[in-house]
Each structure stands twice: as structure tokens, then as C-alpha cells.
Amino acid sequence: MASEETRAVDTRTAMSPTERDTPTPVGASETTTLEKGPARAWATRLVVAGIVLSAVNLRPAITSLGALLEEVRDGLGMSGSVAGLLTSVPPLCFAVFGVMAPRLARRFGPAAGVCAGMAAIFAGLLIRPYAGGTAGFLAASALALMGIAVSNVLMPVIVKRWFPDRVGSMTGLYSMVLALGTSLPAAVTVPMTHALGGNWKLGLAVWAVLAAAAVVPWIPLVREGRERPAPAARSAKAQAKAPAQTPASARAAEEQPPLRITRSRTAWALAVFFGLQATAAYITMGWMPQIFRDAGVSAGTAGLLLAVTMVMGVPLAFVIPRIATRLPHQGPIVLVLGVCGLAGYAGLYLAPAAGAWAWALLLGIANCAFPLALTMVGMRARSGPGVAQLSAFAQSTGYLISIPGPLLVGVLYQHSGGWGLPIALMAGLMVPQMVVGVLAGRDRTVEEEAAAR
């Protein structure tokens with residue numbers, strides 16, 4: 001039988017964000033609250049649509065560029081080192097701008113933050129092919145990546161806020177669509193560019209249309225007003241005894257002091273795990289097509305191989321978070337993904353062309369460390385503000401850690417004249433990723449650790 005506390009949570013989460021922020025008048029009946037269900041259902045559909053459309057826009061700015069990197073290098077006159085810098089821009093922007101996300105969410109609400117993020121992605125993708133020169137291309141890319149960074153951090157917050165009892169399934173949906181949005185540009189950007197007359201600028205700019213569509217679902221949610229986290233659930237008896245809250249007192253109760261997140265070992269383990277998996281992902285997205293092309297694979301096939309690697313995340317990104325939320329320790333999943341990554345790198349070193357499809361599949365499985373990391377962010381904090389703080393810390397610190405990887409691969413490739421050393425670096429980084437992933441997967445929360453030390 002459901003407890004009174006569970007029923008209180010169900011009643012509370014059945015309201016829209018604006019309704020949750022309005023204190024129930026003294027003597028108001030439960031019927032009045034339940035009558036607000038249709039408004040909540042309408043808002044929930046918008047949130048789901050917003051999550052799906054936003055997730056599909058979080059990687060085309062990167063993978064569409066990876067598919068056309070050689071054409072962009074030729075068109076802008078980039079050296080290998082500068083191209084390596086270009087592949088390092090995504091994690092740099094994610095580290096720098098991701099820190100802003102919790103502050104934006106507190107001031108304007110997470111829906112407004114994601115809406116602004118999608119608008120920035122649209123503007124950046126539209127401008128960058130025509131910005132003129134390498135500097136303009138980098139600046140416009142940074143604008144799009146700023147929008148991605150803010151949305152990256154706020155997505156787990158929105159999932160925790162709107163679907164607290166379905167973190168695994170909603171994170172899986174978000175991650176699955178994100179993987180689809182990663183693989184689709186890798187697969188179709190090259191043939192689409194050929195269909196547009198071989199103009200790489202049009203081939204990159206066309207992805208701005210998808211970003212424009214992602215702005216739409218968030219606008220009604222933003223117009224409802226600033227969302228605030230629902231207060232902690234209390235039993236019906238406790239609510240009956242408590243005095244009615246004013247909007248000011250409700251807001252004060254919701255605004256808890258920030259955690260000292262750096263005191264949590266789990267937060268640090270999760271940040272390093274996030275950083276190492278991001279290193280592997282951005283090296284893969286930025287350089288894997290070039291590895292195959294240098295091995296004699298055609299440009300179109302190399303783009304398809306990258307798409308295969310990315311599309312593996314579509315089914316697995318839905319399954320892995322659901323499995324992870326059912327396990328007390330996520331370490332075994334971390335180890336399985338790491339072994340697949342090591343096998344894929346060994347294949348790239350020994351027979352890059354002969355076993356190309358197998359290596360693409362294995363590396364696609366290994367890249368599913370990303371949805372696992374997102375799921376652990378939602379599991380390692382108890383409250384919405386805690387998730388926001390942990391998400392910002394883990395992603396910003398993690399992406400900061402990942403910055404040197406793609407750049408170092410470009411430098412090693414240019415100076416060694418081959419892929420032996422870069423692949424050895426990729427494989428070497430997989431070992432500490434497995435270690436810290438096991439530590440991050442332990443059943444504990446950052447609130448407990450921050451309070452205990």
C-alpha cells in the first residue's frame with residue numbers, strides 16, 4: 001500500500017512548475033490540487049518534446065565538422081596542429097561555460113537556460129561557415145558550443161525535476177536521442193554536401209535548421225515563469241500541522257546553501273571519469289574518420305564508420321541507464337565498456353582497414369560511458385540543487401580534463417607521421433577511466449560525503 005508520503009509526492013509532482021511554486025491556501029482541498037492535472041500533463045509533454053529536440057542538437061556541431069574536417073582544413077588553410085586545436089574547442093567551451101549553468105538556472109530557471117542554449121546553437125551553426133577565416137570559424141563554433149555546454153549541464157536537472165521517479169528511463173531516452181543526433185550528421189553530412197554541389201559551408205550550415213526547431217518547445221515553459229525546485233516531500237500529517245507558507249518563505253526554504261562539492265571523493269571520481277570518457281569521445285569524433293581515410297578507406301565510408309560508432313549509442317544509451325539504476329554499484333558496467341574500448345583501439349592499431357566495421361562497433365560500445373556518467377550524476381545526489389551542482393562540477397571539471405587529448409593526438413599525428421602513438425595514448429587513457437569509473441559507481445551520495453568530512 002502506498003504511504004502518505006508517497007501520495008504527497010505524487011500530488012506535488014502532478015502540478016505544473018508555476019502551480020508548485022504557489023502555496024496551497026489554508027483549508028484548500030486535495031480535489032483542488034488534483035484538478036490541475038491537465039495543465040501538468042500539457043507541460044510534461046512540452047518538456048519531453050523539449051528534451052528530445054534539445055538532445056538531438058547537442059552533437060551535430062561536432063560530428064558534422066568531423067566528417068568534413070579535411071575539407072574545412074583545406075578551405076581555411078589549417079595545419080594539423082590547428083585542426084587539433086579545433087577538435088579541442090568543444091571540451092574547452094564545455095568546461096568554461098558549463099560552470100555558468102547552475103547560476104542561470106537559479107536566476108531564470110532551467111527551461112530558460114536550455115531555450116537560450118538552443119538559440120545559441122542555432123546562431124553559431126548558421127554563422128560559422130561564413131564567418132571568414134579560422135578565427136571567425138572558431139568564434140562561431142564557440143558560440144554554438146556555449147549553448148551545448150549550458151544544455152549539457154541542465155538536462156540532468158530537468159530530468160530530476162520533472163521525472164524524479166524515472167531518472168533511468170528519461171536519461172536513457174535523452175541519451176538515446178543524443179546518440180542519434182551524434183550519428184546522423186556523421187552519416188549524412190558528406191553525401192548531403194555532395195548533393196549541395198560539394199559546398200562544405202552549406203553542408204555545415206544546414207544543421208542550424210534542426211537547432212531552430214529545438215527552441216520552440218521551451219518558449220511556453222519559459223513564459224510560465226521561473227521554475228523553482230519543489231520543496232522536499234513531507235507526509236500529509238506534517239503538511240497539515242505546518243503553517244501556510246508565503247511565496248517568500250517557500251522560496252527561502254528552497255534556496256539551500258550550496259554543497260562543498262570538492263569535499264566529495266565521489267564527485268571527484270565522477271568528474272575524472274567524465275573527463276576521460278569525454279577525451280575518448282572527442283578524439284573519436286574528431287579523428288576517427290581521418291584514421292580510416294589514412295588507412296585507405298574512402299571519405300564516404302569513413303563517415304559511415306563514424307556513424308556506426310555513434311549509432312551504437314542509440315539502443316545502448318537507452319538500455320544502460322535503466323540497468324545502471326537497478327544496480328547498487330555501476331562498476332561492472334564501467335569495466336565492460338572499458339574492455340570494449342581497449343579491444344577497439346587494438347584493432348585500429350593492428351588492422352584499421354581490414355576490421356574497420358568491428359572496431360567501429362567496439363568503440364561505439366565504449367562511448368556509452370557518456371550516458372552511464374549522466375545516469376550516475378542523477379544517482380549520486382539526492383536533491384535537484386545537488387544534481388545541478390554535481391552536474392556542473394563533474395561536466396566542467398571533466399571537460400577541462402579532456403581538453404589536451406584531441407590536441408595532443410593532432411600533434412602526435414603530425415610529428416610522428418602515423419597513428420601508432422595517438423592510438424597508444426587513447427588505449428592508455430582507458431585504464432584510469434576504468435579505475436575512477438568503478439570508484440564513481442559506488443552506492444553513495446555527494447551530500448553524505450560533503451557533510452561527513
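Guide: Accessible areas here come from the Shrake-Rupley method with a 1.4 Å probe, and for residues only the protein chains shown count as cover. By that method the protein chain has about 18,200 Å² of accessible surface, 67% of it belonging to carbon and sulfur atoms. This is a predicted model: local features need pLDDT of at least 70, side-chain atom pairs count only at pLDDT 80 or more, and totals for chains, interfaces and linings use all residues. Residues are numbered from 1 along each chain as its sequence is written, and side-chain values use heavy atoms, with hydrogens and water left out.

Visitor: How many helices and strands does the protein chain have?

Guide: The protein chain has 26 helices and zero strands. Both are DSSP runs, numbered from the N terminus: helices are H or I with at least four residues, strands E with at least two.

Visitor: Why is S391 called buried?

Guide: Buried means under 20% relative accessible area, exposed over 50%, and partly exposed in between (1.4 Å probe, protein chains only). S391 has 0% relative accessibility, so it counts as buried. Of the 453 residues of the protein chain, 53% count as buried.

Visitor: Where does S391 lie, and what does its side chain reach?

Guide: S391 lies in helix α23 (residues 384-402). Its side chain reaches the backbone oxygen of V153 at 3.0 Å. A polar contact is a pair of N or O atoms within 3.5 Å; within protein, one must be able to donate a hydrogen and the other to accept it, and residues adjacent in sequence count only if both atoms are side-chain atoms.

Visitor: What makes a set of residues a nonpolar core?

Guide: The members are buried Ala, Val, Leu, Ile, Met, Phe, Trp, Tyr and Cys residues, joined through side-chain atoms within 4.5 Å. The largest such core has 117 residues, of which I51, W218, F273 and L372 touch the most other members. Helix α17 (residues 265-294) gives the most to this core, with 17 residues.

Visitor: Which residues does F273 touch?

Guide: Contact means heavy atoms within 4.5 Å. Not counting residues up to four places away in sequence, F273 touches V334, A369, L372, A373, M376, Q433, V436 and G437.

Visitor: Which residues of helix α19 are buried, and why do they line one face?

Guide: In helix α19 (residues 313-324) the buried residues are G313, V314, A317, I320, P321 and A324. Seen down the axis of α19, they fall within an arc of 140°, so they line one face of the helix. The arc is that of the directions from the helix axis to the C-beta atoms. These buried residues pack against α11 (167-195), α18 (299-311), α20 (331-350) and α22 (369-379).

Visitor: Is W200 buried or exposed?

Guide: W200 is buried, because its relative accessible area is 13%. This residue is found in helix α12 (residues 200-205). W200 and V72 are 128 residues apart in sequence, yet 7.2 Å apart in space, C-alpha to C-alpha. V72 is also among the residues in contact with W200.

Visitor: How many disulfides does the structure hold?

Guide: A search of the whole structure finds zero. For C340, the nearest cysteine sulfur is that of C368, 9.5 Å away. A disulfide is a pair of cysteine sulfur atoms within 2.5 Å.
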